[in-house]
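Here are my notes for you, colleague to colleague. Please have the model open while you read them.

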Amino acid sequence: MEALVLGATGGIGGEVARLLVARGWKVKALHRSQKHGEGLHWITGDAMNRDDVVRAAAGVQLIVHAVNPPGYRNWGSLVLPMIDNTIAAARASGARILLPGTVYNYGPDVLPHIHEDAPQRPVTRKGAIRVEMERRLKDSGLPVLIVRAGDFFGPKAGNSWFAQGLVKPGKPVTAISNPAAPGVGHQWAYLPDVAQTMLRLVERGDQLPLFARYQMQGHWDADGTQMVAAIARAAGNPQLRAGAFPWWLTWVAAPFVPVFRELREMRYLWRQPVRMSNARLLAVLGSEPHTPLDVAVRHTLEGLGCLTSGVRPSYC
C-alpha cells in the first residue's frame, strides 16, 4: 500500500506518516524544500501547486491532508485551494482522503455534547473555512475519512494549546497556565492515539461509508484540573498549581500577532465544556486507542524539552 502525506513535518501529519511506515506502507511526503529521513520518500513540491500534488499522488491509495498554513497566517487564501488540489489528486489516483478534523466547525449552540452529525454553525473565520473544506470533500463524491478529536498534545505537537498555552517548550516546568474557566471541562487528544485510531479506520476502509466521520473521546478533563495535575506530577512537583492564562494579552497583541488573534477567537471553547461522543467510532473499532494520561503527558514534556534527566515523576 502507498500513501501521500501532505503536512508530514507537522504534528499529526508526522505522526501518521511514521505510523504508516511502521505498518509497512510506502509513504511519500510533499515538502517545498528538499528533505530526507524518517523512512519517507520526500518529494519536492508545494501543496498550493495542483500539478505537484497530482504528480506526487500518482499510484497512492491514501492521501493524508494534514497541511495547514504556518503560524495561522493567510488561512483565507491558502486553505481552500490546498483542499481543492488534494481533491483533484485523489480523483486522479482513486485514493481515499484522510482529514484530521477539528472542533472549530462547531459553534456554542451545539455545546457541550457534540455528535458527528451536529449542525456546523461556526462563529469564527477559521471554523467557517473548516466547514467549507468538509463540504467540498463531501460534494466531491470521493471516499473521505474525517477523524475529529480534542486539543492535540504529544512529543512532536509543537503548535498546540498544550505547548503554547500551558507550558513553555524548552524550559523546565516551573509554572502552568490554564486557559479554561474554573471548573470547565475540556477534551484532549494524544497524537499517537489519534494516529493509531486513524490507521485502524483506514485498515477497515471497505466497511466505511463513502463520506465517513468519526470522533474520539481522547482524554476528558472533567473540571479542567486533571491535565494540570498530570503535568505537575510529571515535573516531580505535585503541589504545583496552575495560574490563569493571560487572555488579556491576546486582545492587546491581536492586531500585531496573528496567532494571538486566532487564540482569542477560540476562547469560547474554553469558557464552557466541549465533549465529543465516540459512540460511532466504538461501533466500528470496538475500542479506542488510549495511552494513560500520566504516560502521555510525560512523553509530551520530554519531547518538548521540558523535563531534565534528573526529574523523577511523582507517580514513580
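The points below go from the whole chain to a few local details.

1. Basis of these notes. This is a predicted model, in which local features need pLDDT of at least 70 and side-chain atom pairs count only at pLDDT 80 or more, while totals for chains, interfaces and linings use all residues. Residues are numbered from 1 along each chain as its sequence is written, and side-chain values use heavy atoms, with hydrogens and water left out.

2. Overall build. The chain has 12 helices and 14 strands; these are DSSP runs numbered from the N terminus, with helices being H or I of at least four residues and strands E of at least two. Its radius of gyration is 19 Å, close to the 20 Å that the globule rule gives for 316 residues, so the chain is as compact as a globular protein of that length. That radius is taken over C-alpha atoms, and the rule is 2.2 Å times the number of residues to the power 0.38. Along the principal axes, the C-alpha atoms fill a box of roughly 55 × 45 × 45 Å.

3. Of the 316 residues, 54% are buried, where buried means under 20% relative accessible area, exposed over 50% and partly exposed in between (1.4 Å probe, protein chains only).

4. Strand 1. Which way do strand 1 and strand 2 run relative to each other, parallel or antiparallel? They run parallel, with five bridges joining strand 1 to strand 2 (residues 26-31); pairing requires at least two DSSP bridges between the strands. Leucine 4 has lysine 28 as its bridge partner in strand 2. Five of the five residues of strand 1 (residues 2-6) are buried, so this strand is largely enclosed by the rest of the structure. In a regular strand the side chains alternate between the two faces of the sheet. Here both faces are covered, with Glu2, Leu4 and Leu6 on one side and Ala3 and Val5 on the other.

5. Glutamate 2. This residue of strand 1 is buried, with a relative accessible area of 15%. Leaving aside residues up to four places away in sequence, glutamate 2 touches Trp25, Lys26, Lys28, Gly59, Val60, Gln61 and Leu62.

6. Helices 7 and 12. Helix 12 (residues 293-303) has Leu293, Asp294, Ala296, Val297, Arg298, Thr300 and Leu301 buried. Its buried residues pack against strand 8 (151-153), helix 5 (161-166), strand 10 (186-190), strand 12 (219-221) and helix 7. In helix 7 (residues 226-234), the buried residues are Met227, Val228, Ala230, Ile231, Ala232 and Ala234.

7. Two loops to look at. Proline 112 lies in the loop between strand 5 (96-101) and strand 6 (113-114), and the peptide bond to it from leucine 111 is cis, with omega near 10 degrees. Alanine 180, in the loop between strand 9 (176-178) and strand 10, counts as buried at 12% relative accessibility. Alanine 180 and glutamine 272 are 92 residues apart in sequence, yet their C-alpha atoms are 8.2 Å apart in space.

Definitions and conventions. Contact means heavy atoms within 4.5 Å.
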